[in-house]
Amino acid sequence: MAARRPLLLAALNEIYAARASAESAPVPPARRGRVTLVGAGPGSADLVTVRGKQRLAEADLVLYDALASEEMKSWAPGARWFFVGKRACRQSIKQEILNRLLVKYARRGLHVVRLKCGDPFVFGRGGEEALALAEAGVPFEIVPGVSTAVAAPALAGIPVTHRGLASSFAVLTGHHEEVYGPLLDGFVPGTLTLVFMMGLGQRARIAERLVARGWSAEMPAAVVVGAATPQSWTWTGTLGALGAVDLPEAAARAPGLLVVGAVVAVAGELAGLVSASAAGKP
């Protein structure tokens, strides 16, 4: 990881050097640098917002995450793209360094797009980047994205709320039990839908904790992996069986989430009705 950082910084410096040599006059007000934090949605390029696509077309530099679609590069033909590799607990560039890069290159007159999976403000650390830009006096814009927390279940046929089944839902990170555990203990068992982002590795422990808290082992549960990507894979079953789910090799490398709640059963009902309709049955 350390070896990649000098390469990134050197390449970014080349962008500024090329512009400086071509434009000896000061950057006019209309060309002052700025940053746009863009939500890339759940993985498919056609789920990016219209405004997000417009801002990419205007970009000089795009810093993108591991989960942003490579298809989007064609929307910013005049920009340099650099992978900054943020993914769950792993990243190739520390957040503090990334914040400084955003400030540095915006101050040099570039329009920098920070392309983030899902929505920038839903477990995307977009708030930290926005605060860093505001403190540095750098103009910035937030372009919301389709949050994977809601989109991934929807693409699997699971509504996070459904009349008679769940009137509310909670979105939690599944990284560390010391974070999600106390929150789970505060929920009345079976009264809402739980969505665990980045919780695949903790699925067994999450299931154990919920059952110990009073959730039924027969409560419907789902694993949704790689939603809106070619690696899309979904498992549905019960909370008691969640911990033993084996992920396919391709799915194991893709981002995923867990859904626990009665609403998961809706996916099966939808699939049955769609199959019956396709077969011409009433």
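I started with F123, which counts as partly exposed at 41% relative accessibility. My cut-offs are under 20% relative accessible area for buried, over 50% for exposed and partly exposed in between, with a 1.4 Å probe and protein chains only. F123 sits in the loop between β4 (111–116) and α4 (126–136). Its phi is positive, about 55 degrees, although F123 is not a glycine. Helices (H or I, at least four residues) and strands (E, at least two) are DSSP runs, numbered from the N terminus.

A note on the source: this is a predicted model, where local features need pLDDT of at least 70 and side-chain atom pairs count only at pLDDT 80 or more, while totals for chains, interfaces and linings use all residues. Residues are numbered from 1 along each chain as its sequence is written, and side-chain values use heavy atoms, with hydrogens and water left out.

Next I looked at A228, another residue other than glycine with a positive phi, near 65 degrees. A228 is in the loop between β8 and β9 (233–238) and counts as partly exposed at 24% relative accessibility.

What does S44 touch, leaving aside its neighbours within four places in sequence? I found M72 and A228 in contact with S44; contact here means heavy atoms within 4.5 Å. S44 belongs to the loop between β1 (34–39) and α2 (50–57), and at 16% relative accessibility it counts as buried.

**The chain overall**

I noted ten helices and ten strands. Of the 282 residues, 46% count as buried. Taking contacts between residues at least 6 apart in sequence, 69% join residues at least 24 apart.

In soluble globular proteins, nonpolar side chains tend to be buried together.

Beyond its neighbours within four places in sequence, L210 contacts L184, L194, F196, W215, L239 and V260.

I also checked α5 (148–155). Its buried residues are T148, A149, A151, A152 and P153, and they pack against β6, β7, β8 and β10. G157 follows α5, with a positive phi near 85 degrees.

**Aromatic pairs**

How many aromatic pairs does the structure hold? I have three in the notebook. Rings of Phe, Tyr and Trp (its six-membered ring) pair if their centres lie within 6.5 Å, with planes under 30 degrees apart called stacked, over 60 edge-to-face and the rest tilted.

Y64 and F83 have ring centres 5.8 Å apart and planes at 55 degrees, so I put the pair down as tilted. Y64 is in strand β2 (residues 61–64) and F83 in strand β3 (residues 80–83), so the pair ties together parts 19 residues apart in sequence. Y64 is buried at 7% relative accessible area, whereas F83 is partly exposed at 31%. Y64, W81 and F83 make up one aromatic cluster.

Y180 and F196 are edge-to-face, because their planes stand at 80 degrees, with ring centres 6.3 Å apart. This pair links helix α6 (Y180) to strand β7 (F196), 16 residues apart. Y180 is buried at 0% relative accessible area, and F196 is buried at 0%.

**Cavity**

On a 1 Å grid over the protein atoms alone, a cavity is a set of points where a 1.4 Å probe fits but cannot get out, and lining residues have an atom within 4 Å of a point. Points are joined across faces, edges and corners, and the volume is the space filled by probe spheres set on them.

The search of the whole structure gave one cavity of 30 Å³ or more. About 30 Å³ of space lies in the largest cavity. Which residues line the largest cavity? I listed L165, A166, G190, T191, L192, T193, M219, G261, A262 and V263. The lining divides into six nonpolar, four polar and no charged residues.

Key: On a 1 Å grid over the protein atoms alone, a cavity is a set of points where a 1.4 Å probe fits but cannot get out, and a pocket is an open set with protein on both sides within 12 Å along at least five of seven lines; lining residues have an atom within 4 Å of a point. Ala, Val, Leu, Ile, Met, Phe, Trp, Tyr, Cys and Pro count as nonpolar, Asp, Glu, Lys and Arg as charged, and the others, Gly among them, as polar.
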